Amino acid sequence: MWSKRMPELPEVETILRSLEPKALGHVIRKVTVIHEKTIKKPDPELFASSLQGQKITGFNRWGKYLLMEIGSSMVLVIHLRMTGRLIFSEAGFPVNKHTRVIFYLDQGMEIHFQDIRKFGTMHLLNRQDLDTFPPFMALGYDALDSRLTLDLFLERLKGRRGQVKELLLNQSFIAGVGNIYANEILFKAGIHPQRPADSLNIQEQKKLYMALRSVLKSAIRYHGTTLRDYVDGDGNQGEFQNKLRVHSRAGKPCPSCGNSIVRIKQGGRSSYYCPSCQK
């Protein structure tokens with residue numbers, strides 16, 4: 001059974017940081033599209049021809065989306081979905097049955113996009129079209145955006161109803177947080193995942209913000225979480241799975257108080273928490 005977990009903000013940021021120093025400045029000599037449905041815009045033939053001869057000029061990220069800046073006017077928007085991988089390698093890297101797109105670069109280098117489930121997507125857009133790109137129009141601030149200050153976070157929390165775990169997963173509220181990190185953030189903040197968001201007092205709201213930043217930054221330091229498929233741009237697994245305090249630890253002792261971690265279903269996902277530390 002395949003994992004339903006897709007790369008979250010720390011994994012995409014780790015991929016960006018592993019790709020950027022190696023791929024930046026390279027010229028794309030050729031693009032081979034093996035699985036045409038990966039390419040959403042434009043059509044695969046125009047996609048490949050538009051990239052040919054173009055230089056990779058930058059990398060960026062918004063939530064779970066990776067942005068590769070191409071030349072002076074284009075941006076390649078990549079969503080890895082559940083099992084997408086971007087591997088930077090020398091020429092001759094094996095083309096396996098899960099390889100969907102290959103970018104052949106100058107100096108004998110390549111970037112392979114592998115995707116077991118075939119859910120990953122690529123959109124090649126003009127820069128001026130990013131503001132009207134439908135997925136981006138629905139996204140909130142990136143969870144690590146410097147503009148998302150404590151004051152702005154508190155302001156965005158006002159009037160929010162529903163369970164706080166579901167709010168963290170709402171990409172229009174904050175972009176980049178998925179199930180693993182929502183569980184870890186709420187544990188660090190000492191907040192029960194089923195608490196109504198509008199029931200949090202000001203101190204709990206501040207703890208939530210600090211935990212959000214702390215957990216995501218820590219996960220990036222450990223190169224993300226590998227539970228099954230995720231690897232960085234060099235093909236290396238993450239290490240944060242060894243630092244998880246509640247996620248996937250049902251029945252095991254809480255690292256803070258020793259009581260058993262509990263698992264419940266919440267919005268179709270598994271929530272893990274300590275009933276003593278997160279009342």
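Visitor: At what angle do H4 and H7 pack, and how far apart are their axes?
Guide: The angle is about 120°, with the axes 10 Å apart. Axes here are lines fitted to C-alpha atoms, for helices over the stretch in contact, and angles run from 0 to 180 degrees between N-to-C directions. A word on the source: this is a predicted model, where local features need pLDDT of at least 70 and side-chain atom pairs count only at pLDDT 80 or more, while totals for chains, interfaces and linings use all residues. Residues are numbered from 1 along each chain as its sequence is written, and side-chain values use heavy atoms, with hydrogens and water left out.

Visitor: Why is H4 called oblique to H7?
Guide: Angles under 35 degrees count as roughly parallel, over 145 as roughly antiparallel, 65 to 115 as roughly perpendicular and the rest as oblique. The angle of about 120° therefore makes H4 oblique to H7. Contact, meaning heavy atoms within 4.5 Å, is made by Leu150, Phe153, Leu154 and Leu157 of H4 with residues of H7 including Ile202, Tyr209 and Leu212.

Visitor: Which residues of H4 are buried, and how do you know that they are on the same side?
Guide: In H4, which spans residues 150-157, they are Phe153, Leu154 and Leu157. Buried means under 20% relative accessible area, against over 50% for exposed and partly exposed in between (1.4 Å probe, protein chains only). These three cover an arc of only 95° around the axis, so they lie on the same side of H4. The arc is that of the directions from the helix axis to the C-beta atoms. Among the elements covering them are helix H5 (164-169), strand S11 (174-175) and H7 (202-221).

Visitor: What makes these stretches helices or strands?
Guide: They are DSSP runs numbered from the N terminus: H or I over at least four residues for helices, E over at least two for strands.

Visitor: Why is Arg195 called buried?
Guide: Its relative accessibility is 18%, so Arg195 falls under the 20% limit. Arg195 sits in the loop between helix H6 (179-189) and H7. Setting aside neighbours within four places in sequence, the residues in contact with Arg195 include Gln163, Glu204 and Lys279.

Visitor: What makes S4 largely enclosed?
Guide: Six of the six residues of S4 (residues 65-70) are buried, so the rest of the structure largely encloses this strand. Tyr65, Leu67 and Glu69 are buried on one side, and Leu66, Met68 and Ile70 on the other. In a regular strand the side chains alternate between the two faces of the sheet.

Visitor: How do you know that S4 pairs with S3 and S5?
Guide: Two strands pair if DSSP finds at least two bridges between them. Six bridges join S3 (residues 56-62) to S4, in antiparallel fashion, and S4 also pairs antiparallel with S5 (residues 74-79) over six bridges. Ile56 has Ile70 as its bridge partner, while Tyr65 stands opposite His79.

Visitor: Why are S1 and S6 said to stand at the edges?
Guide: Four strands form an open, antiparallel sheet in the order S1-S7-S8-S6. S1 (28-33) and S6 (84-90) each have a single partner strand, so one side of each is left without a neighbour in the sheet. The twist averages 15° from one strand to the next. S6 pairs with S8 (residues 109-115) over seven bridges, with Phe88 opposite Ile111.
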